[in-house]
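Hi everyone, thanks for coming. I'd like to walk you through one model today, contact by contact. Here it is on the screen.

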Amino acid sequence: MFKHKDLLGLKDVTAEEITEILDVADEMKKYLCGSERKSDLLKGKTLVTLFYENSTRTRTSFELAGKLLGASEVNISVATSSVQKGETLIDTGETLDAMKIDFIAIRHPMAGAPKLLAEHVKASVLNGGDGMHEHPTQALLDMLTIREKLGKIAGLKVAILGDIKHSRVAMSNLIGLKKLGAEVYFYAPATMVPKDIEKLGAKIAKSREEAIDGADAVMGLRIQLERQNGGLFPSLSEYSRFYGVNDALLKYAKKGAIVLHPGPVNRGVELTPQVIDGDKSVILEQVTGGVAVRMALLKLLAEYRENCL
């Protein structure tokens, strides 16, 4: 049984709990892709999406996950909320608690914001991405896709190329994949590789070819210009030429390797259009898996709330 009130990151989640989430997500995906797509599992429960940063996939999938399980869903637009009047995150959380909200899915530009919120509310908090810290639900849907396509995670080589330094996706994937027994290789410009990341178990490749050689899964990461101060690489065209992934490079990967990307993709920068739309790409399947993972988490957190709170 999942033994947490909140999902704030994968650092404090065990390998067994990750596997449980993925197993439940498998069930939810079958339900999601079936003809009957309405459940009363969370009838009477309320989910709030509180996003301080732009999002399409994550916010929409949280909203859809709640609705498909029968919960009432409320999206708070921070741009038109009392945050603009100076309301603090804690004040916002306590206000939502007073409305008897059950779940809050939050995305925030500051690392640690979901944890701060969780400490001040009775509702279960789900981290939809906090600063450059973690994005646990994205990593879970990535692992779900890898396991579904390749049959396992233990023993696989996963190559992650792109803006590692500013990527909360890279951090959560590193933590989760290592816990499930995969090998994780990073490749990026030296200016976009976090200091001491190898201490967390990552292997830093010296070239794209080394990173992709023998890889079972290759993941591109978006260049996060909104988190950069500039000067980390000369130009987008040069980045694409020296750090992007194309069909020629994928020949180094294992036969049957898959290509992932958390989205949105900068076409022709991290991945060429041929790779994005090619037969190795599972990018759209990741999106479907994202709804299933968030459904699974809402179910597991609801069970914890019923039995332990």
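Let me start with a question for you: is Asp26 buried, partly exposed or exposed? Asp26 is partly exposed, at a relative accessible area of 24%. Our scale calls a residue buried under 20% relative accessible area, exposed over 50% and partly exposed in between, with a 1.4 Å probe and protein chains only.

Before going on, the ground rules. This is a predicted model, in which local features need pLDDT of at least 70 and side-chain atom pairs count only at pLDDT 80 or more, while totals for chains, interfaces and linings use all residues. Residues are numbered from 1 along each chain as its sequence is written, and side-chain values use heavy atoms, with hydrogens and water left out.

Back to Asp26, then. Its side chain meets that of Arg147 in a salt bridge, 2.6 Å from N to O; the term means a side-chain nitrogen of Lys or Arg within 4 Å of a carboxyl oxygen of Asp or Glu. This pair links distant parts of the chain, with Asp26 in helix H1 (residues 15-32) and Arg147 in helix H5 (residues 136-150), 121 residues apart. Helices here are DSSP runs of H or I with at least four residues, strands are runs of E with at least two, and both are numbered from the N terminus. Arg147 counts as buried, at 19% relative accessibility.

The structure holds 13 salt bridges. Another one joins Lys254 to Asp216, where the closest N and O atoms are 3.4 Å apart. That pair also links distant parts of the chain: Lys254 is in the loop between helix H9 (247-250) and strand S9 (258-260), and Asp216 is in the loop between helix H7 (208-212) and strand S8 (217-220), 38 residues away. Lys254 is partly exposed at 42%, whereas Asp216 is buried at 10%.

Now the rings. We count 2 aromatic pairs, where rings of Phe, Tyr and Trp (its six-membered ring) pair if their centres lie within 6.5 Å; planes under 30 degrees apart are stacked, over 60 edge-to-face, and the rest tilted. Tyr239 and Tyr243 have ring centres 5.5 Å apart and planes at 35°, so this pair is tilted. Both sit in helix H8 (residues 236-243), 4 residues apart, about one turn of the helix. Tyr239 is buried at 1%, while Tyr243 is partly exposed at 23%. Together with Tyr187, Tyr239 and Tyr243 form one aromatic cluster.

We also find charges over rings, meaning NZ of Lys or CZ of Arg within 6 Å of the ring centre and within 35 degrees of the ring normal. Lys157 lies over the face of Tyr185, 4.2 Å from the ring centre.

Finally, the strands. In which sense do strands S1 and S2 pair? S1 (residues 46-51) and S2 (residues 72-77) pair in the parallel sense over 6 bridges; for a pairing, DSSP must find at least two bridges between the strands. Leu50, for instance, has Ile76 in S2 as its bridge partner.

That's my tour; I'm happy to go back to any of these contacts.
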